[in-house]
Amino acid sequence: MLKFILVTLAVSVSILGIVYFAAYVEWIAGRPSYLEEIVIFMLVSTIVIYRYLNKFINTDYFVPLFLASISIKLIASLAIMTLMVIKDRSGAAPNIALFLMSYGIFTGVEIAFLYPRVSRHKKG
């Protein structure tokens, strides 16, 4: 669990660093207005979901719970993206782009950590 938390923290810092650097060297027009909030939401939600799923990895409930967690995360993400668009229409495009990229990256990290444990359980 500690390794997962450290990796997700490293991913968070990397995303922040890349976006700040891209804005500094003017590769992008400016940083998204909800940069920190998006990264914190993705970090916290990914850690909470991973911790919850980790408890059920050796059960028959794992796959339905994994699919449910993705559905819940998508619904929560939709709600947050809707609020971002309502509050900052002019910055909607960069915020949504960052949100979707972060969602993909964090979900990929989560799957990368869960898959080896699930595949070991299925073989044994």
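**Ground rules.** The model is predicted, so I took local features only at pLDDT of at least 70 and side-chain atom pairs only at pLDDT 80 or more, while totals for chains, interfaces and linings use all residues. Residues are numbered from 1 along each chain as its sequence is written, and side-chain values use heavy atoms, with hydrogens and water left out.

**Entry 1, Ser69.** I looked up Ser69 and found it in helix 3 (residues 62-87). Helices here are DSSP runs of H or I, at least four residues, numbered from the N terminus. Ser69 is buried, because its relative accessible area is 9%; buried means under 20%, exposed over 50% and partly exposed in between, with a 1.4 Å probe and protein chains only. Leaving out residues up to four places away in sequence, I found Ser69 touching Ile49 and Leu53, where contact means heavy atoms within 4.5 Å. I also checked Leu35, which is 34 residues from Ser69 in sequence and 23 Å from it in space, C-alpha to C-alpha.

A cavity is a set of points, on a 1 Å grid over the protein atoms alone, where a 1.4 Å probe fits but cannot get out; lining residues have an atom within 4 Å of a point. Points are joined across faces, edges and corners, and the volume is the space filled by probe spheres set on them. The largest cavity has a volume of about 40 Å³. I sorted the lining into four nonpolar, two polar and two charged residues, counting Ala, Val, Leu, Ile, Met, Phe, Trp, Tyr, Cys and Pro as nonpolar, Asp, Glu, Lys and Arg as charged, and the others, Gly among them, as polar.

I counted two salt bridges, each a side-chain nitrogen of Lys or Arg within 4 Å of a carboxyl oxygen of Asp or Glu. Lys73 pairs with Glu110, closest N and O atoms 3.9 Å apart. This pair links distant parts of the chain, Lys73 in helix 3 and Glu110 in helix 4, 37 residues apart. Glu36 and Arg31 form a salt bridge at 3.3 Å, N to O. Glu36 is partly exposed at 26% relative accessible area, and Arg31 is partly exposed at 37%.

Notes:
Helices (H or I, at least four residues) and strands (E, at least two) are DSSP runs, numbered from the N terminus. On a 1 Å grid over the protein atoms alone, a cavity is a set of points where a 1.4 Å probe fits but cannot get out, and a pocket is an open set with protein on both sides within 12 Å along at least five of seven lines; lining residues have an atom within 4 Å of a point.
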